[in-house]
Amino acid sequence: MGMRYRRYLTGERIYGCSNCRTHLATIHSMISRAFNGQHGRAYLFEEVVNIEEGEPMDRPMTTGHHIVRDIYCVRCQTILGWKYDKAWEQSQKYKEGKYILERNLLVDVQ
């Protein structure tokens, strides 16, 4: 396997992995702060970089059943949250293709 290149983000506020500080997302790609994860507060993002996606799985959540993939830091493999692949409830369709990052697993890099 070849070398992995990480993307470095620019902007006024950048969120990174709390373990290795790899850049993950900017404040401008954040959609909502009104989410909860397994470790407390979580944020919904339109775009996240420097991650690997796990296998899709059906997961029951407080808002209904979803098909999601755990997402991992590309550098240190820390689980950071998940990606919504499919929402079964019509009211939850806006989440499809979006990412949840758990606040306790993030640091402000810049």
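The model is predicted.

**Stop 1: R7 and E47**

Begin with the salt bridges, of which the structure holds nine. Select R7 and E47. Their side chains meet in a salt bridge, 3.5 Å from N to O. Now look at where each one sits. R7 belongs to the segment before β1 (14-17), and E47 to the loop between β4 (40-45) and β5 (51-53), so the bridge ties together parts that are 40 residues apart in sequence.

**Stop 2: E46 and K98**

Next, select E46 and K98. These two form a salt bridge, and their closest N and O atoms are 4.0 Å apart. E46 lies in the loop between β4 and β5, while K98 lies in the loop between β8 (79-87) and β9 (99-102), so this pair ties together parts that are 52 residues apart in sequence. Show the surface here. E46 counts as partly exposed, at 45% relative accessibility. K98 counts as buried, at 14%, because buried means under 20% relative accessible area.

**Stop 3: D85 and R69**

Move on to D85 and R69. Their salt bridge brings the closest N and O atoms to 2.6 Å. This time, strands hold both partners: D85 is in β8 and R69 in β7 (residues 64-73), so the pair ties together parts that are 16 residues apart in sequence. D85 is partly exposed, with a relative accessible area of 26%. R69 is partly exposed as well, at 22%.

**Stop 4: the largest pocket**

Pick N36, M61, T62, W82 and Y84. Of the 13 residues that line the largest pocket, these lie nearest its centre. About 240 Å³ of space lies in this pocket.

Which strands supply at least two residues each of the lining? Colour β3 (30-37), β6 (57-61) and β8 to see them. The largest share of the lining, four residues, comes from β3. Strand β8 also holds D85 from the previous stop.

Finish by colouring the lining by residue type. Six of its residues are nonpolar, five are polar and two are charged.

Definitions and conventions:
Residues numbered from 1 in each chain as written. Predicted model: local features only at pLDDT ≥ 70, side-chain atom pairs only at ≥ 80, totals over all residues. Heavy atoms only, no water. Buried < 20%, exposed > 50% of the residue type's maximum accessible area, 1.4 Å probe, protein only. 1 Å grid on protein atoms, 1.4 Å probe; cavity = no way out; pocket = protein on both sides within 12 Å on 5 of 7 lines; lining within 4 Å. Points joined across faces, edges and corners; volume = space filled by probe spheres on them. Nonpolar A, V, L, I, M, F, W, Y, C, P; charged D, E, K, R; others polar.
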